[in-house]
Amino acid sequence: MHEHAIHPVSPEWAANAKINAESYALKYRASIDDPDSFWLGEAQRLDWMRQPTKIKNASFDPDNFHIRWFEDGTLNLAANCLDRHLDKRGQDVAIIWEPDHPDTPNRIITYDQLYKDVCRFANALKADGVKKGDRVTIYLPMVPEAAVAMLACARIGAVHSIVFAGFSPDALAQRISDCDSQIVLTADEGLRGGKKVPLKANVDAACEKAKVRTVIMLRHTGADVPMVEGRDVDWHDAIEPHNAECPPEEMNAEDPLFILYTSGSTGQPKGVLHTTGGYAVWASMTHEYVFDYRPGEVYWCAADIGWVTGHSYVVYGPLANGATTLMFEGVPNYPDFSRFWQVVDKYKVEQFYTAPTALRALMREGDEWVQKTSRKSLRILGSVGEPINPEAWDWYYNVVGDGRCPIADTWWQTETGGHMITPLAGAHALKPGAASFPMFGVQPALVDPTDGHIVEGATEGALVILDSWPGQMRTVYGDHERFIQTYFTQYPGKYFTGDGARRDEDGYYWITGRIDDVINVSGHRMGTAEVESALVEHHSVAEAAVVGMPHDVKGQGIYAFVTTVAGTEDSEDLRKELVQWVRKEIGPIATPDVVQFAPGLPKTRSGKIMRRILRKIAENDTGNLGDISTLADPGVVDDLLANSPHAK
Ligand code: WTA
């Protein structure tokens, strides 16, 4: 398994890093043996209004299930991200905003300025009637106002729910309604890779399905968009009457901070709910240790704020640590394939964090695009969102990092709030493709999926976490039963991640990918059930089954088997129409790569679709389909094989 070189910790990193091999071992042990003292210590990285005295109070035991951290402490996360930095760092840069096109003026925002912007916008929200605990939907592009909006919510105790600005009006409407949010923050248009995204028009369409009191709209591209009288307010007009004084709301550590919808293996996306204290400690601690962050350094996480990576590692983690965080509106290949590395040079970025899909897309364009830039400022590189294949890892390490910069391959999830398994540059020798070792307080284990017993040593299994950590989600918004059902019933008493993993003889964890019905397209989670339900909404579709397929750049692509209603012609035009249909229903990230018409799907006699067979066909691994004798009609498999695009 080790054909790729192992990179030992360099002497400089061992000597200078915030965490080295020895301190990692000590802190890890302390975090498990005496969590209360360990986490009381880590909690001191925040300013509390009332210090917590109760630290960990959590159990995954089905008879006594509860998760609470720092439960008698109070704090405000916006104040931790802003107010407490003003004395020492008011003039330091909080956010560098780099626009979609390099010729558009950038924006440099100091902590002083960000504080004022947040307070004014917080007052605007209050004036609109937003109160502590109310939900606020944010559907904004990657502009500083997105961070302002998040922090303004946190400041007044409102719960933000960010919907990725690439989602369709339907997907947006569903997320607005699910959490009953009365207010939506948006922009006239988004801009990515030179293309305009009609955000306000999407909000208007969503408002036909969801009940919304107020839409606050930021003028970004200056497009001429209609405003609805009595509902829509210009961002500028909303803040105009307000001053920059807005005392932060005193929040209990367990008060909700945000909701973020994410795909699961069944049903519609669920609202992952994070609370204030534990999440803040987790985001701040992991950002500092994993990126070895020191104030003054320019740090860049290229993720969109529409995903959890943008929440924890563009906004909350870095700003809690007083960092300079770079916010990038654009894409890696516009105006050309050097864009990322030119931005690194322009601002002397020291930490850079992106997803393997972006690296694979850039890697195939050739090394010249990278090599014509300096990148000397880079110290450490990060990867997130999907397993990084060793080829992409080596390219990242050797070409982008010139063999100088350690790579943090960070495994985590929307549900976990922040990094869970990752190498630490000063502590762990790097193995390309290995997520490596647990963060403090994280107790990973592998279980045998057939009977759930824990398997030890060098082996493979389903990845579970044995005990709570501060950054853990607390519930599915509005459906606590679903939270328990989804994560704690498969292997009772343990948190099930949905991922498979391997542990090697040195104890390194290697994530092998999802083992449930979630597919990971370009590092974005997609539930097969969501794509299926979009397909069957089409009048020509009787039934659909969706599985993942290997894809060179995206990691996984979407493969849909579709049975049309009787009398429909399975034409090329219909195939194209269905692809467009799913794009429109969910958003471009859900675009199917393959639509195969299937007169019948492989079902058991009880009517359950045997996805195992469909996966094998999608993977073109049809040599051994396993036992198909339990199928109601084994004949359908021959048809599926004959008509698969792989067979042509
Ligand atoms: C996958 C993104 C391998 C995994 C932060 C997980 C990874 C899902 C890695 C969560 C990694 C994330 N190596 N797989 N370093 N990071 N994943 O909720 O399957 O969007 O369960 O959170 O992405 O995706 P989510």
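This is a predicted model: local features need pLDDT of at least 70, side-chain atom pairs count only at pLDDT 80 or more; totals for chains, interfaces and linings use all residues.
Residues are numbered from 1 along each chain as its sequence is written. Local features need pLDDT of at least 70 and side-chain atom pairs count only at pLDDT 80 or more, whereas totals for chains, interfaces and linings use all residues; side-chain values use heavy atoms, leaving out hydrogens and water.

UniProt, in an unreviewed entry, lists residues 27–81 as "domain: Acetyl-coenzyme A synthetase N-terminal"; such annotations may be inferred rather than shown by experiment.

Side chains of opposite charge can pair when their charged atoms come close. The structure holds 39 salt bridges, each a side-chain nitrogen of Lys or Arg within 4 Å of a carboxyl oxygen of Asp or Glu. One of them joins Arg 474 to Glu 254, with the closest N and O atoms 2.9 Å apart. This pair links distant parts of the chain, 220 residues apart: Arg 474 lies in the loop between β23 (459–465) and β24 (475–476), and Glu 254 in the loop between β13 (251–252) and β14 (256–262).

Arg 379 forms a salt bridge with Glu 297, at 3.0 Å between the closest N and O atoms. Here Arg 379 is partly exposed at 22%, while Glu 297 is buried at 8%.

Conventions: Helices (H or I, at least four residues) and strands (E, at least two) are DSSP runs, numbered from the N terminus. Buried means under 20% relative accessible area, exposed over 50%, partly exposed in between (1.4 Å probe, protein chains only).
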